[in-house]
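Trainee: Before we start, could you take me through this model by setting each value against the rule that gives it its label?

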Amino acid sequence: MKVTKNILFLGLVSLLFCHKMVVAQDGTKDKGDDSTAFFVDDILAVGRVSWGMKAGVNYTNLHGKDMAYLFSNDESTYKVGFQGGVFVRTALNKRFTLGHELMFNQRKFGVLLSDDGGDYSSRIATGSIVLMPINVDYAVGRVHIYAGPYVSTLLYADIQRRDEDGTWFKDKQIYGSAGDDESGNKYLQKMEMGFNTGIAYQLNRRFLLGLNYTQGLSSMFQYASSYDVGDSKDHIRVFSRGFSFSLAYTL
């Protein structure tokens, strides 16, 4: 009899426990469904790859402690250039994406030069291939925030100068050559490294409008021959920086 009572008591406790479990499950059913859907969406997003084209304008200048060493003053004005290229994006989940870009970038920098006639405004023009190997992109709704490093290779460069008659010409010596010992002209580095960060807005499934900031971390000007030309300066601290506005199209 005692055993029977114990069995009945245990059975009643079990029923009550099961009832509470069912109620708790019903109360969190909607929340569980949402969590499951979110988890499934994350799983489906992992590894999703998209690619497309990107183009826009940039607005760049130079800065650094040695601006006056190269030019007539220590200031540089912003000039407008253009850029265009391709991108690939790899999704990690619904929020995070890894971006990879390969761009052609034409940049211009306003500088002040001097000759026998006095100071005059000029500009440096460069063309580079820019690789952004990895940008970490975080999305909040339609807004994307991203950042990452970049490395660029210089393809060509020139600076506007005036000859003795006052005629303008493009001086390409600023690009440098194998025989240039820098005794007369300092020339641009062939490689540049830096970082970029930006914000973009997803207009629709295909189009993305972005604003980007870049900051060079390596000197823009070569100075490998300072010892040979008898100059004590062994590093020229002049760096690039700029903004760009672009429109990306996902194929």
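Trainee: Why is Leu102 called partly exposed?

Mentor: This is a predicted model, and in it Leu102 has a relative accessible area of 44%. Buried means under 20% and exposed means over 50%, with partly exposed in between, so a residue at 44% is called partly exposed. As for its place, Leu102 lies in strand β3, which covers residues 96–115.

Trainee: What makes Leu102 part of a nonpolar patch on the surface?

Mentor: A patch takes residues with over 30% relative accessible area and no salt bridge, and nonpolar side chains, Leu among them, are joined within 5 Å. Leu102, with its 44%, is listed in the patch together with Val49, Trp51, Met53, Val86, Val88, Ile129, Leu131, Leu155, Tyr156 and Leu251, and the accessible area of the patch comes to about 950 Å². Two or more residues of this patch come from each of β1 (49–63), β2 (77–91), β4 (118–140) and β5, and β1 gives the most, with three residues.

Trainee: Why are Ser128 and Ser152 both called buried?

Mentor: Ser128 has a relative accessible area of 3%, and Ser152 also has 3%. Since buried means under 20%, Ser128 is called buried, and so is Ser152. Ser128 has its place in strand β4, whereas Ser152 is found in strand β5, residues 143–162.

Trainee: How do you know that Ser128 and Ser152 are in contact?

Mentor: Contact means heavy atoms within 4.5 Å, and, with neighbours within four places in sequence left aside, the contacts of Ser128 are Met103, Phe104, Asn105, Ser152, Thr153, Leu154 and Leu155. On the side of Ser152, counted with residues up to four places away left out, the list holds Ser128, Ile129, Val130, Lys190, Met191 and Glu192.

Trainee: What makes Asp66 and Arg237 a salt bridge?

Mentor: Side chains of opposite charge can pair when their charged atoms come close. The rule asks for a side-chain nitrogen of Lys or Arg within 4 Å of a carboxyl oxygen of Asp or Glu; the side chains of Asp66 and Arg237 meet at 3.2 Å, N to O, so this pair is a salt bridge. Asp66 lies in the loop between β1 and α3 (67–70) and Arg237 in the loop between β8 (207–216) and β9 (239–250), so the pair ties together parts that are 171 residues apart in sequence. Asp66, at 5% relative accessibility, counts as buried, whereas Arg237, with a relative accessible area of 34%, is partly exposed.

Trainee: What makes Asp158 and Arg123 a salt bridge?

Mentor: The distance, N to O, is 2.9 Å, and because the rule asks for a separation within 4 Å, the pair passes. Asp158 is in strand β5 and Arg123 in strand β4, 35 residues apart, and both are buried.

Trainee: Why does Arg161 count as partly exposed, whereas Asp171 is called buried?

Mentor: Arg161 has 24% relative accessibility, which puts this residue in the range called partly exposed, whereas Asp171 has 8%, which is under the 20% limit and therefore buried. The side chains of Arg161 and Asp171 meet in a salt bridge at 2.8 Å, N to O. A search of the whole structure finds six salt bridges.

Trainee: What is the volume of the largest cavity, and which residues are closest to its centre?

Mentor: The largest cavity has a volume of about 240 Å³, and of the 23 residues that line this cavity, Gln83, Asn105, Met132, Asn212 and Thr214 are the closest to its centre.

How values were computed: Residues numbered from 1 in each chain as written. Predicted model: local features only at pLDDT ≥ 70, side-chain atom pairs only at ≥ 80, totals over all residues. Heavy atoms only, no water. Helix = DSSP H or I, 4+ residues; strand = E, 2+ residues; numbered from the N terminus. Buried < 20%, exposed > 50% of the residue type's maximum accessible area, 1.4 Å probe, protein only. Patch = residues over 30% accessible without salt bridge, like charges linked within 9 Å, V, L, I, M, F, W, Y side chains within 5 Å. Areas by Shrake-Rupley, 256 points an atom, 1.4 Å probe, with all protein chains shown as cover. 1 Å grid on protein atoms, 1.4 Å probe; cavity = no way out; pocket = protein on both sides within 12 Å on 5 of 7 lines; lining within 4 Å. Points joined across faces, edges and corners; volume = space filled by probe spheres on them.
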